[in-house]
Amino acid sequence: MTIMLISMMPLANAAEPVVTRRQIASDIMNLYNDITKTHSSVSIGRGDGIYDDIPNAGLAIEWCSVTGIMIGTAERIFEPDGVVTREQAATVMYRFLRYLDNHSRSTFADFDEASIPEENRFADDNCISSWAKYSVYAIQVMGIIEGDENHMFKPQENLSVDEESLILSRIKSKYTDEE
């Protein structure tokens with residue numbers, strides 16, 4: 001499997017390159033095309049100029065916005081070079097999986113975040129933002145993400161390129177193995 005990763009933006013003093021919002025949008029769209037054997041498109045004019053900070057957003061950002069997989073950081077602001085945290089990535093991946101499942105909650109129909117036993121929760125559960133918690137645990141149950149050796153998720157840390165690649169690989173395996 002080959003997933004093209006674009007534009008790595010290293011954080012100051014960071015050992016690993018991290019993922020930007022522009023990069024994750026592009027990588028998700030490429031994975032969608034790879035899984036579905038189609039080419040993503042956006043209705044003419046629908047995505048053009050939806051963000052003031054990137055008037056010509058490009059197909060990947062427009063596609064992720066129009067499909068609801070990603071949203072801006074503020075009204076009409078996308079912040080394409082902003083760095084993605086692990087909890088933001090979990091939320092984006094959850095929305096992407098729902099989109100792959102034809103916009104339904106079918107993959108997650110039996111999932112209840114409240115029913116996760118305490119021993120299966122991340123040790124830093126209290127650090128996961130309330131808006132991200134459902135997404136984090138939904139994709140954890142699917143085996144898309146996991147904690148470190150201390151069962152820490154580290155939700156506020158930036159997503160590394162290697163972590164993103166592993167997540168995308170797991171999603172691709174899930175969808176190509178089911179066919």
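Helix H2 spans residues 59–67, and its buried residues are Ala60, Ile61, Glu62, Trp63, Cys64 and Ser65. Buried means under 20% relative accessible area, with a 1.4 Å probe and protein chains only; helices are DSSP runs of H or I with at least four residues, numbered from the N terminus. The model is predicted: local features need pLDDT of at least 70, side-chain atom pairs count only at pLDDT 80 or more, and totals for chains, interfaces and linings use all residues. Residues are numbered from 1 along each chain as its sequence is written, and side-chain values use heavy atoms, with hydrogens and water left out.

The cover over the buried residues of H2 includes helix H1 (21–36) and helix H3 (86–100), where contact means heavy atoms within 4.5 Å. After H2 comes glycine 68, with a positive phi near 85°.

Trp63 also belongs to the largest nonpolar core, which has 44 residues; Trp63 is among those with the most contacts inside it, together with Ile24, Ile28, Ile69, Phe96 and Ile171. Such a core is a set of buried Ala, Val, Leu, Ile, Met, Phe, Trp, Tyr and Cys residues joined through side-chain atoms within 4.5 Å. At least two residues of this core come from each of H1, H2, H3, helix H4 (130–141) and helix H5 (161–177). H3 gives the most, nine residues.

Over the whole structure, a search finds seven aromatic pairs; rings of Phe, Tyr and Trp (its six-membered ring) pair if their centres lie within 6.5 Å, and planes under 30 degrees apart count as stacked, over 60 as edge-to-face and the rest as tilted. The pair of tyrosine 51 and phenylalanine 78 is tilted, because the ring centres are 5.1 Å apart and the planes are at 55°. This pair links distant parts of the chain, 27 residues apart: tyrosine 51 is in the loop between H1 and H2, phenylalanine 78 in the loop between H2 and H3. Both tyrosine 51 and phenylalanine 78 are buried.

The pockets remain. The largest pocket has a lining of nine nonpolar, one polar and seven charged residues; Ala, Val, Leu, Ile, Met, Phe, Trp, Tyr, Cys and Pro count as nonpolar, Asp, Glu, Lys and Arg as charged, and the others, Gly among them, as polar. H5 supplies the largest share of this lining, four residues. For the second largest pocket, H3 gives the most to the lining, with four residues.

Key: Buried < 20%, exposed > 50% of the residue type's maximum accessible area, 1.4 Å probe, protein only.
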